[in-house]
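Reader: I would like to learn how to read a predicted protein model, one feature at a time. Could you take me through it slowly?

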Amino acid sequence: MNEKLNQRCEQLRRLLVVAPYPLWPPTSGGKIRTIKLSRALANLGFEVTALTPYKPGQRKHFAQGQGITLCQVPYPLFIISHLMTDRPFPYQWLVSYHPGYRLMIKRFVRQFDVIQFEHAAFADLATVARPGCLLSYNAHNVEQDYVLSECRHRGQFVTSLVQERTRQFEELLVQRVQHVFACTNEDRMRLIAL
């Protein structure tokens, strides 16, 4: 059994970690978790590339022996989500709108053996992965519940708009991937229920 597993791991060397926000500086639990997990996978011998929106100064932090190759996408519409964050929509919802982004990076995404999604915001990138690519969702939260908690005082219109899109993206991702990693058993049960 271990020999088969080792052979399968040998075939899955090139790993893409998809994060919907710049990973540096690691100022939140999600960023810290993503960086630490990526480093650990690199230490195990995986060729780890992190795909993030562009942020000035981020690259120098990944060149200092972290074992992670950084690919920043200079996609101008991401600026809108940074400027409008929490005014009145949550960042995770805003950043899920990226017209043309999927086509722009399709060729790049297809070179990887494993694609690990850190959030549901880029779920549609799962549709451009090459056949045979292993897809996983590293669920930091039940995204629908988390994003809705950020809408508590923003009115019914914002809440219903955000809830529907977030639910659709998380559902798309859960249906497309082979593995979902939840932080807690409660999150696991909630994802199953949804």
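Reader: Is Q58 buried or exposed, and what do those words mean?

Author: A residue is called buried when its relative accessible area is under 20%, exposed when that area is over 50%, and partly exposed in between, using a 1.4 Å probe and counting protein chains only. Q58, with a relative accessible area of 1%, is therefore buried. Before we go on, note that this is a predicted model, in which local features need pLDDT of at least 70 and side-chain atom pairs count only at pLDDT 80 or more, while totals for chains, interfaces and linings use all residues. Residues are numbered from 1 along each chain as its sequence is written, and side-chain values use heavy atoms, with hydrogens and water left out.

Reader: Where in the chain is Q58 found, and which residues is Q58 in contact with?

Author: Helices (H or I, at least four residues) and strands (E, at least two) are DSSP runs that are numbered from the N terminus, and Q58 belongs to helix α3, which covers residues 58–62. Contact means heavy atoms within 4.5 Å; if neighbours within four places in sequence are left aside, Q58 is in contact with P22, L23, W24, T52, P53, L70 and Q72.

Reader: What does the side chain of Q58 reach?

Author: A polar contact is a pair of N or O atoms within 3.5 Å; within protein, one must be able to donate a hydrogen and the other to accept it, and residues adjacent in sequence count only if both atoms are side-chain atoms. The side chain of Q58 reaches the backbone nitrogen of L23 at 2.6 Å, and a polar contact of 2.7 Å joins the side chain of Q58 to that of Q72.

Reader: How many salt bridges does the structure hold?

Author: A salt bridge is a side-chain nitrogen of Lys or Arg within 4 Å of a carboxyl oxygen of Asp or Glu, and the structure holds five. In one of them the side chains of R14 and D113 meet at 2.6 Å, N to O. This pair links distant parts of the chain, with R14 in strand β1 (residues 14–18) and D113 in the loop between α7 (106–109) and β4 (114–117), 99 residues apart. R14 counts as partly exposed at 33% relative accessibility, whereas D113 counts as buried at 5%.

Reader: Which residues are linked with D113 in a network of salt bridges?

Author: The network links R14, D113 and R130. The side chains of R130 and D113 meet in a salt bridge of 2.7 Å, N to O. R130 lies in the loop between β4 and β5 (134–139) and D113 in the loop between α7 and β4, so this pair ties together parts that are 17 residues apart in sequence.

Reader: What is the volume of the largest cavity, and which residues line it?

Author: Rolling a probe the size of a water molecule over the atoms shows where empty space is left. On a 1 Å grid over the protein atoms alone, a cavity is a set of points where a 1.4 Å probe fits but cannot get out, and lining residues have an atom within 4 Å of a point; a volume is the space filled by probe spheres set on the points, which are joined across faces, edges and corners. The structure holds one cavity of 30 Å³ or more, and the largest cavity has a volume of about 70 Å³. Its lining includes Q92, W93, H119, E143 and R165. The largest share of that lining, three residues, comes from α9.

Methods:
On a 1 Å grid over the protein atoms alone, a cavity is a set of points where a 1.4 Å probe fits but cannot get out, and a pocket is an open set with protein on both sides within 12 Å along at least five of seven lines; lining residues have an atom within 4 Å of a point.
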